[in-house]
Amino acid sequence: MKRAIYPGSFDPVTNGHADIIFRSAKIVDELYVGVLNNSAKKSLFSVEERVNMLKELTSDLANVTVTSFAGLLVDYMCEIDANIIIRGLRAVTDFEYELQIAQTNQIENKEIETIFLTTNLKYSYLSSTIVKEFASYGGDISHFVPKQFIDRIYDKYNIKNKR
Ligand code: PNS
């Protein structure tokens, strides 16, 4: 049984995240999508809102569970008995950071493997930060996020979706 976790902030979930979730759910037997609950980091959406968005997005996928976790990822993985971490790699700029995290996690627990999925070219430019920047100025985010979340994102900035 291959049980994996795709951890992240997902603030908000983007089409790039969705693409990684859908593809990795086909590779592993069970996929946990783990929203990091980090009270030290200011986020646009609460953990509960992010978990709910991800649950909506994956409601048709029987092997996907959405949860949140706090503290070290390796500790949470012991709790849920998972030993694979899925991460998306967009560009070379992601690589150094991701390699550092993957190697640190493996030193903490040598049973843990990190699998990197290269982001679909369509989304290689995309990040939650870019989505927030565009949305905060009323920019068009329809190519960036699943359509059911567009209004929820604008609402956070008190912007009416004119599109
Ligand atoms: O979407 P993000 O913000 O790039 O995700 C980063 C995440 C959640 C994968 C990373 O910050 C993480 O695993 N945090 C949990 C705390 C932890 O285990 N830190 C040690 C990693 S070296």
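This is a predicted model: local features need pLDDT of at least 70, side-chain atom pairs count only at pLDDT 80 or more; totals for chains, interfaces and linings use all residues.
Biologist: Let's begin with the ligand. Which residues surround the ligand, and how do they divide into nonpolar, polar and charged?

Modeller: The ligand is surrounded by Pro-7, Gly-8, Ser-9, Leu-36, Lys-41, Phe-69, Gly-71, Leu-72, Leu-73, Arg-87 and Ile-101. The residues of this shell divide into six nonpolar, three polar and two charged.

Biologist: Which pocket does the ligand take up, and how much of the ligand does the protein bury?

Modeller: The space taken by the ligand is the largest pocket. An oxygen atom of the ligand is 2.8 Å from a polar backbone atom of Leu-73. Taken alone, the ligand exposes 550 Å², and the share of that buried by the protein is 73%.

Biologist: How far is an oxygen atom of the ligand from a side-chain N or O atom of Ser-9?

Modeller: Ser-9 is one of the residues around the ligand. Arg-87 also has a polar side-chain atom 3.0 Å from a ligand oxygen. For the side chain of Ser-9, the distance from its N or O atom to an oxygen of the ligand is 2.6 Å.

Biologist: Now to Asp-11. Is Asp-11 buried or exposed, and what is its relative accessible area?

Modeller: Asp-11 lies in the loop between strand E1, residues 3-8, and helix H1, residues 15-27. Buried means under 20% relative accessible area. Asp-11 is therefore buried, as its relative accessible area is 5%.

Biologist: Which residue has its backbone nitrogen 2.8 Å from a polar atom of the side chain of Asp-11?

Modeller: Asp-11 sits in the loop between E1 and H1. A polar atom of its side chain lies 2.8 Å from a backbone nitrogen, and that nitrogen belongs to Leu-44.

Biologist: What kind of peptide bond joins Asp-11 and Pro-12?

Modeller: Pro-12, too, is in the loop between E1 and H1. Most peptide bonds are trans. Between Asp-11 and Pro-12, however, omega is about 0 degrees, and the bond is cis.

Biologist: What is the phi of Phe-10?

Modeller: Phe-10 is in the loop between E1 and H1, and it is buried, with a relative accessible area of 2%. Most residues other than glycine have a negative phi. Phe-10 has a positive value instead, near 50 degrees.

Biologist: Asp-81 has a positive phi as well. Is Asp-81 buried or exposed?

Modeller: Asp-81 is in the loop between helix H3, residues 73-80, and strand E4, residues 84-89. Its phi is about 60 degrees, although it is not a glycine. With a relative accessibility of 59%, and the cut-off for exposed being over 50%, Asp-81 counts as exposed.

Biologist: How far apart in space are Ala-102 and Arg-87?

Modeller: Ala-102 is in helix H4, residues 92-108, and counts as buried at 13% relative accessibility. Along the sequence, Ala-102 and Arg-87 are 15 residues apart. In space, from C-alpha to C-alpha, they are separated by 9.4 Å.

Biologist: What is the C-alpha separation of Tyr-6 and Ser-24?

Modeller: Tyr-6 lies in strand E1 and is buried, with a relative accessible area of 5%. Tyr-6 and Ser-24 are 18 residues apart in sequence. Their C-alpha atoms are separated by 8.5 Å.

Biologist: Where is Ser-68, and how far is its C-alpha from that of Val-51?

Modeller: Ser-68 lies in strand E3, residues 64-69. At 33% relative accessibility it counts as partly exposed. Ser-68 and Val-51 are 17 residues apart in sequence, and their C-alpha distance is 7.0 Å.

Biologist: One last pair, then. What distance separates the C-alpha atoms of Glu-48 and Glu-113?

Modeller: Glu-48 is found in helix H2, residues 47-57, and counts as exposed at 60% relative accessibility. Glu-48 and Glu-113 are 65 residues apart along the chain. The distance between their C-alpha atoms is 28 Å.

Key. Residues are numbered from 1 along each chain as its sequence is written. Side-chain values use heavy atoms; hydrogens and water are left out. A residue is near a molecule or strand if one of its heavy atoms lies within 4 Å of it. A polar contact is a pair of N or O atoms within 3.5 Å; within protein, one must be able to donate a hydrogen and the other to accept it, and residues adjacent in sequence count only if both atoms are side-chain atoms. Accessible areas come from the Shrake-Rupley method with a 1.4 Å probe; for residues, only the protein chains shown count as cover. On a 1 Å grid over the protein atoms alone, a cavity is a set of points where a 1.4 Å probe fits but cannot get out, and a pocket is an open set with protein on both sides within 12 Å along at least five of seven lines; lining residues have an atom within 4 Å of a point. A molecule sits in a cavity or pocket if more than half of its atoms lie within 2 Å of its grid points. Ala, Val, Leu, Ile, Met, Phe, Trp, Tyr, Cys and Pro count as nonpolar, Asp, Glu, Lys and Arg as charged, and the others, Gly among them, as polar. Helices (H or I, at least four residues) and strands (E, at least two) are DSSP runs, numbered from the N terminus. Buried means under 20% relative accessible area, exposed over 50%, partly exposed in between (1.4 Å probe, protein chains only).
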